[in-house]
Amino acid sequence: MSLRYPYKMSYRKLRGTFGPGGGPLARITRLRMVVTSLIRHERIETTWNKAAEARDYAELLIQRAIKNGDKHGPTMELADFWLLEKDLIHKLFKVFVPRFEKCPTAFTKMYRLPYVYPGKGREMGLLELKGNPWPPVLPEAIDKSKHINNVLLNAARQDFRMEQYKSMDMSSDRWHKESVSQMSAAMDTVAKGSGLEETVTDTESLLSDEIREEKEAQEMRELQRKIDSLKNRGKKKHRDEDDDDDDDGTYV
């Protein structure tokens, strides 16, 4: 048993699609204009919804061009439909196909642009193709590791850590020596004061007696096993002789 909830699919709102009453044809025409501008300029600024929807069609167009080439009829029809300016078909196959032929990820990038106030209140976005000749949208991080203040701070940090390591090693060695000396002194004191040495010798003698008794018991078991095997062998020989005597008799 599964629960089902009604889901109403909401489409992206593309404003300015040639006025009210344009319908799906006006929507597709607007997207064709966005894709054509992207292929022409390689970076465009438009509303976020237009950029997000046109991005899918641009990715599909470049992917089919890379996969099938300019000798494939359906691919050429697709390029002819989406590119309103026909000179861009040559750019698609001669410029973008070699550029993105070994690209393992998406061919485009999207960025959200800040709101402009006062403005129309629309969420703006930037859509671009990778490898475009324009300056990067996000500034590159400046390497400040070679600045004089960072160099001095790193050197001071390393010296402080080395001093800490040395102090830790010295303290650990000192603690080890002290602990060993204290343990040896305590053992000597206990041994002298409570007769620990005699207890140790008594324990050793008891252990040696137990070991000797265990060895003697093991030897007795071996001897008994040998005797039992000899007895069994004699019984078997006697039984075989009786069988031979029975065979020599005369049967009527």
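Mentor: Begin with E42, which sits in the loop between α1 and β1. This is a predicted model, and in it E42 has a positive phi of about 65° although it is not a glycine.

Trainee: Why point that out?

Mentor: Most residues other than glycine have a negative phi, and most peptide bonds are trans.

Trainee: Which peptide bond is cis here, and where is P118 placed?

Mentor: The bond from Y117 to P118 is cis, with omega near -5°. P118 lies in the loop between β2 and β3.

Trainee: Now the sheet. How do I read its strands?

Mentor: Strands of a sheet pair through backbone hydrogen bonds, either parallel or antiparallel. Here three strands form an open sheet in the order β1-β3-β2, and the pairing is antiparallel. β1 (43-47) and β2 (108-112) stand at the edges with a single partner strand each, so one side of each has no neighbour in the sheet. From one strand to the next, the twist averages 25°.

Trainee: How many bridges join β1 to β3?

Mentor: Five bridges join β1 to β3 (residues 124-129), and the two strands run antiparallel. As an example, I44 has L127 in β3 as its bridge partner.

Trainee: Which strands does α1 touch?

Mentor: Helix α1 packs on the sheet and touches β1, β2 and β3. The direction of α1 makes about 150° with that of β1. Helix α2 (residues 48-68) also packs on the sheet, touching β1, β2 and β3. The direction of α2 makes about 175° with that of β2.

Trainee: How do I describe two helices that pack on each other?

Mentor: Give the angle, the distance between the axes, the handedness and the residues that meet. α1 and α2 pack at an angle of about 65°, with their axes 9 Å apart. They are therefore roughly perpendicular to each other, and the crossing is right-handed.

Trainee: Which residues meet between α1 and α2?

Mentor: From α1 come R27, R30, L31, V34, V35 and L38, and from α2 come K50, E53, A54, Y57, A58 and L61. The residues of this contact divide into eight nonpolar, no polar and four charged.

Trainee: At what angle do α1 and α4 pack?

Mentor: Helix α1 (residues 23-41) and helix α4 (residues 87-100) pack at an angle of about 55°, with their axes 10 Å apart. α1 and α4 are therefore oblique to each other. Their crossing is left-handed.

Trainee: Which residues of α1 and α4 meet?

Mentor: T36, I39 and R40 in α1 meet D87, L88, K91 and F96 in α4. The residues of the contact of α1 with α4 divide into three nonpolar, one polar and three charged.

Trainee: What is the general idea of a salt bridge?

Mentor: Side chains of opposite charge can pair when their charged atoms come close. A search of the whole structure finds nine salt bridges. In one of them, the side chains of R40 and E85 meet, at 2.5 Å from N to O.

Trainee: Where in the chain do R40 and E85 lie?

Mentor: R40 is in helix α1, while E85 is in the loop between α3 (73-82) and α4. The two are 45 residues apart, and the pair links distant parts of the chain.

Definitions and conventions
Residues are numbered from 1 along each chain as its sequence is written. This is a predicted model: local features need pLDDT of at least 70, side-chain atom pairs count only at pLDDT 80 or more; totals for chains, interfaces and linings use all residues. Side-chain values use heavy atoms; hydrogens and water are left out. Axes are lines fitted to C-alpha atoms, for helices over the stretch in contact, and angles run from 0 to 180 degrees between N-to-C directions. Helices (H or I, at least four residues) and strands (E, at least two) are DSSP runs, numbered from the N terminus. Angles under 35 degrees count as roughly parallel, over 145 as roughly antiparallel, 65 to 115 as roughly perpendicular and the rest as oblique. A crossing is left-handed if the near helix is turned anticlockwise from the far one by less than a right angle, and right-handed if clockwise. Contact means heavy atoms within 4.5 Å. Ala, Val, Leu, Ile, Met, Phe, Trp, Tyr, Cys and Pro count as nonpolar, Asp, Glu, Lys and Arg as charged, and the others, Gly among them, as polar. Two strands pair if DSSP finds at least two bridges between them. A salt bridge is a side-chain nitrogen of Lys or Arg within 4 Å of a carboxyl oxygen of Asp or Glu.
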